[in-house]
Amino acid sequence: MHTILIVEDDDKIASMLKNHIEKYEYRAHIAEQFDDIKKEFIKCRPHLVLLDINLPRFDGFYWCRQIRTISLCPIIFISARSHEMNQIMAIENGGDDYITKPFNFDLVMAKIKSLLRRTYGPYAAPAEPHVYEVSGLYLLYDRHMVQWKEKTIELTKKEFTLLERLAKKSGKIVSREELLESLWDDTEFVDDNTLSVNITRVRKKLQQIGIEQAIETVRGVGYKLVETWRDS
């Protein structure tokens with residue numbers, strides 16, 4: 001079942017869209033965290049987004065750009081702004097289509113079905129792997145990249161796996177044995193220094209995107225990810 005994320009701060013319109021979409025056996029989720037739509041997107045993992053332009057704090061153009069840094073998920077703008085320039089800006093900021101208010105629900109559904117068919121149909125490219133987020137640090141699985149604010153850095157497969165294990169237990173100690181087992185099938189012949197080398201590489205790459213001292217060494221035990229970037 002496909003999931004549609006509705007980013008609309010008018011409760012009545014959002015509720016009407018949700019009810020109509022669910023009649024066609026799609027799952028609809030109304031966004032609640034208007035201060036962080038990107039986080040809401042990751043939590044929901046939708047197949048398509050309906051996005052208003054006039055939103056609290058940041059507008060829809062901003063959030064479309066933020067979503068595009070981590071996903072190619074179809075985005076349809078729905079807005080009362082009917083001027084052609086707004087439609088041009090919507091496309092230039094990463095949108096796939098534009099519907100003006102007041103709108104016809106059947107037209108909305110037709111566009112949703114069309115985009116879902118083109119994006120996830122039998123001839124479409126494989127669906128994108130998910131994204132993991134911890135305090136604003138994003139791990140992009142499909143590209144083995146890490147993003148913080150507007151900066152990204154590419155990791156090797158082992159570096160990415162290493163950071164993922166630490167991120168999923170952020171603030172807790174992850175033993176050297178657990179990390180070794182996640183990186184190599186046979187740890188019996190792996191030099192213990194190899195893990196230290198990979199930790200050093202990940203630290204240096206995090207520093208390149210402005211994150212300092214995020215991986216803490218717990219001598220004789222393992223490593224811990226400390227969210228030093230949280231309030232930066």
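Helices (H or I, at least four residues) and strands (E, at least two) are DSSP runs, numbered from the N terminus.

**Figure 1. The whole predicted model.** The protein has 8 helices and 12 strands. This is a predicted model, in which local features need pLDDT of at least 70 and side-chain atom pairs count only at pLDDT 80 or more, while totals for chains, interfaces and linings use all residues. Residues are numbered from 1 along each chain as its sequence is written, and side-chain values use heavy atoms, with hydrogens and water left out. Along the principal axes, the C-alpha atoms fill a box of roughly 65 × 40 × 25 Å. Of the 232 residues, 45% are buried. Buried means under 20% relative accessible area, exposed over 50%, and partly exposed in between (1.4 Å probe, protein chains only). Contact means heavy atoms within 4.5 Å. Take the contacts between residues at least 6 apart in sequence: 58% of them join residues at least 24 apart.

Figure 2. Domain 1 covers residues 1–118, and domain 2 covers 129–223. These bounds come from an automatic or database domain assignment. The domain centres, taken over C-alpha atoms, are 34 Å apart. Across the boundary, 8 residues of domain 1 are in contact with 8 residues of domain 2. The two domains bury about 760 Å² between them, and carbon and sulfur atoms give 47% of this area. On the domain 1 side, Ile42, Thr69 and Ile70 lose the most area to domain 2, together 52% of what that side buries. Buried area here is the accessible area (1.4 Å probe) that two parts lose on being put together, summed over both.

Figure 3. UniProt, in an unreviewed entry, places the feature "domain: Response regulatory" at residues 3–116. UniProt positions are given in the numbering used here, feature names are shortened, and annotations may be inferred rather than shown by experiment. The span is 45% helix and 19% strand. Its end C-alpha atoms lie 10 Å apart.

Figure 4. For Asp52, the unreviewed UniProt entry lists "modified residue: 4-aspartylphosphate". Asp52 is in the loop between β3 (48–51) and α3 (60–68). Is Asp52 buried or exposed? Asp52 counts as buried because its relative accessibility is 4%. Leaving out residues up to four places away in sequence, Asp52 touches Val7, Glu8, Asp9, Gly60, Ile78, Ser79 and Lys101.

**Figure 5. A cis peptide bond at Pro102.** Lys101 and Pro102 are joined by a cis peptide bond, with omega about -5°. Pro102 sits in the loop between β5 (97–100) and α5 (105–120). Lys101 is also one of the residues that Asp52 touches.

**Figure 6. A three-stranded open sheet.** Strands of a sheet pair through backbone hydrogen bonds, either parallel or antiparallel. Which order do the 3 strands of this open sheet follow? The order is β10-β12-β11, and the pairing is antiparallel. The edge strands, β10 (173–175) and β11 (215–218), each pair on one side only. From one strand to the next, the twist averages 30°. β11 pairs with β12 (residues 222–225) over 4 bridges. Two strands count as paired if DSSP finds at least two bridges between them. Glu216 stands opposite Lys224 in β12.

**Figure 7. Helices against the sheet.** Helix α6 (residues 157–167) packs on the sheet and touches β10, β11 and β12. The direction of α6 makes about 70° with that of β12. Helix α7 (residues 176–183) lies across β10 and β12, at about 60° to β10. Axes are lines fitted to C-alpha atoms, for helices over the stretch in contact, and angles run from 0 to 180 degrees between N-to-C directions. α6 is mostly covered, with 8 of its 11 residues buried. Among the buried residues of α6 are Phe160, Leu162, Leu163 and Leu166.

**Figure 8. Two loop residues with positive phi.** His144 is a residue other than glycine, yet its phi is positive, near 50°. His144 lies in the loop between β7 (137–140) and β8 (145–148). With a relative accessible area of 26%, His144 is partly exposed. Gln213 also has a positive phi near 50°. Gln213 lies in the loop between α8 (192–208) and β11. Gln213 is exposed, because its relative accessible area is 68%.
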